[in-house]
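This report treats a metal site, a helix and charged side-chain pairs in turn.

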2 protein chains.
Amino acid sequence: MGFLAVITVGTLLLMLPFATNDGSWNNPLVALFTSTSAVCVTGLIVVDTGSYFSFWGQLIILLLIQVGGLGYMTTTTFLILLLGRRFDLRQKLAIQESFDRPFLHGNSQTLIRSIIATTLIFEIFGIILMFNVFSQKYGTSQGLWLAIFHSISAWNNAGFSLFPDSLMNFYDSWIINFTVPLLIIFGGIGYQVIMELYMTIVHFVTNKQERLVFSLNFKVVISTTAILLIAGTLIFFIIEYANPDTFGNLSFEGKLLTAWFQSVTTRTAGFNSIDIGKMTFAGLFLTMGFMFIGASPSGTGGGIKTTTLRILFNCTRSVLRGNDEVVMFRREIPVPLILKAVAVVFGSTNMVVLITFLISLNEGIVNPSFFDSGVSSLQVLFEVISAFATVGLSTGITASLSPISQLLLILTMYTGRVGILLFMAAIAGETRPRVVQYPEETLLVG
Amino acid sequence: MGFLAVITVGTLLLMLPFATNDGSWNNPLVALFTSTSAVCVTGLIVVDTGSYFSFWGQLIILLLIQVGGLGYMTTTTFLILLLGRRFDLRQKLAIQESFDRPFLHGNSQTLIRSIIATTLIFEIFGIILMFNVFSQKYGTSQGLWLAIFHSISAWNNAGFSLFPDSLMNFYDSWIINFTVPLLIIFGGIGYQVIMELYMTIVHFVTNKQERLVFSLNFKVVISTTAILLIAGTLIFFIIEYANPDTFGNLSFEGKLLTAWFQSVTTRTAGFNSIDIGKMTFAGLFLTMGFMFIGASPSGTGGGIKTTTLRILFNCTRSVLRGNDEVVMFRREIPVPLILKAVAVVFGSTNMVVLITFLISLNEGIVNPSFFDSGVSSLQVLFEVISAFATVGLSTGITASLSPISQLLLILTMYTGRVGILLFMAAIAGETRPRVVQYPEETLLVG
Ligand SMILES: [K+]
Ligand SMILES: [K+]
């Protein structure tokens, strides 16, 4: 796995004295945790990035984020390419006709170049906008560095911040509240969807006459993302409306802005403009659910993905309607894809429950005072979901976990990034598909 | 719905003065909660059954439990009957040949009589065994009443107890630790499985020569139940080994016995021989997972059911092995059944999350001191899973919830009993199955 190599290199670099502000050799666990968190674009931290690491340490972290994010985007987009070959031929032609997608007939070099170009365009756009805000407060050179760091961190859905309280100080800045979310959304929506959006714009600009045919992936991702963003904003707004520790003392406009920001960032980026540890329990629950769902395939984000959620939802709808097939936007979903969605959710749930269970058990034995100090197992669950879905939000307990628990979180971040199916397949070892056909038999369910 | 009528009658009866020990008219919410909890064989309580209700009140509760449990068993067994008609004919004949099941060719009256007979046989067996224990401590008449109440409550997986601390006083009684679990297991394993077990015994006693052919349902239920029971015993034993508030001070034998009891009862019955509120966090997590899984179809228990869990597990295995079908015991699982399993889990998860969310929100607004007093949202989640899976274990917060939250729990118990699919179908209203065929298109998942 390429990820492992990058994490190892990152760990070694972050251990060197020049990486930290106090100039001493770094604790290997801190270096490993930070490197994994950066490469997996998670954003969980055991030390404060801005004050603990020197400029060089921060630069290494930023490079690890960029390599991790780009690597993931490229790998998963290649998967789409492979997937594309299995399309029904007639359909594939229909799609190609209207979109003429570079990644369907281009070679892999063209694809990689196109992904890098997209990344740079969005990141530079983010740097320019944020520089205006940060340079006013921190001067030109420091402001530029802050803009570069936060733009790259946002596009890659990494959630690393150089401020000890993430973006809480900028909760009322319109520029930050729209630049960062836009970078997060486009970074998380997937390369294929961005390309289809781009082609649509080209289509309208050049005023072509053919009818636009969007891919199923595009329609599912766009509609599910929109629903989640709007619902998230409204629900966060309602829940935290009266909580004096989060939105309570803000203006109406400020509340709406913060709810919007939190709705975008919770699903995978992991920045925060309010103190997560002071959210209401209802807010924490909503956050855990949103983190688990995550972003869309072939973007930079994590989680079980919007498409998986939509398949489960439409399965349920089919059962309620008495249909034997699952249909989305007038397309039937193949059975193997449904099985895959089930496997992703089943595997993810088990992984999250198992790790939460092991950390609870471990802290109970090694560190009995941990839970006595008012920390609840809900916070452990929160932390594990955050690590698994590469979100990086935290109620603030990461640093006080014992080393074994931190190693478990490192494993969780890694699994969440390479994909639970790959991870389970690696554990299960080589298997051959079955060739025998068996008769059907039914059984009672539910 | 028959359940609603029984709950209503039960509520009215439990409101009458003769039902309570202090002889006054009962609080309607207490009566409604208790009646729902009894009919849905959940066992969550807002008042102590043994001291709050008079003998007559307790008798009403016991009748509600019996009617609720029998009603559920009969209804779901009829569903199997309907399902049986859809079996592959050749296979059905093979099964009938070896088993000659009464419920596959008998009429519904025979079926109901057979279910009632099975129920009575097991309950009487339980009463006789438990009478030995209770009569020693409480005398003949009180001992008999205790034996009757706990035997019926155990067979129906109701979890109601006349002792304020459930069966905690009998943690070291071998008779209680085997009678109650056996009643729970057989009550929860489903009528069809009991019948196949019975036929197998007859087969060996009469020394027939034909090969036994078990139904898929039988094999899946027996193997999954066995795995869960053994795994649960071992894990509870390990987790709570050193916890002085639960097993810590027991002998090795006592620890094993208590772990076994808790492993059986957690999956749906809801008795406890240790203080649930004092379990470790790891123990609470294990308990929540086990409660959610629940018992087997067509028994008296709740949860998503062992068969559903097994389908998800085998889906995941199929994906990892690169197979496009789901196979169990050399039988292919039909796709509509997989969709149904997904719908059950998706619906159940959403229901549990939604209700936990609403109760957290409600208590945060109505009753702000609720969470300040050290109650965590994890306990709310625990309570909701317990209600939904008709378990009835509690960390002790049910009675201190505000009325709206208690009504939400009542709704949850009811939904958990009539079945999430029926509940969602009722909300969704009339729908017609789609007749148009759409082309397949794939999308990226996970
Ligand atoms: K992140
Ligand atoms: K119960």
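Predicted model: local features only at pLDDT ≥ 70, side-chain atom pairs only at ≥ 80, totals over all residues.

Residues are numbered from 1 along each chain as its sequence is written, and side-chain values use heavy atoms, with hydrogens and water left out.

Both residues coordinate the potassium ion (ligand 1) through O atoms, and its donors, which also include N157(A) and V391(A), lie at 2.5 to 3.1 Å; donors are N, O and S atoms within 2.8 Å of the metal, or 3.2 Å for Na, K and Ca. T42(A) belongs to the loop between α2 (28–39) and α3 (49–52) of chain A and A269(A) to the loop between α12 (252–266) and α13 (281–293), so the pair ties together parts that are 227 residues apart in sequence.

In α1(A), F3(A), I7(A), G10(A), T11(A) and L14(A) are buried. They cover an arc of only 105° around the axis, so they sit on the same side of α1(A). On the other side, G2(A) and L12(A) are exposed, that is, over 50%.

The count over all chains comes to 2 salt bridges, each defined by a side-chain nitrogen of Lys or Arg within 4 Å of a carboxyl oxygen of Asp or Glu.

| Salt bridge | N to O distance |
|---|---|
| K278(A)–D275(A) | 3.9 Å |
| K278(B)–D275(B) | 3.9 Å |

Notes. Chains lettered and ligands numbered in written order. Helix = DSSP H or I, 4+ residues; strand = E, 2+ residues; numbered from the N terminus. Buried < 20%, exposed > 50% of the residue type's maximum accessible area, 1.4 Å probe, protein only. Arc of directions from axis to C-beta.
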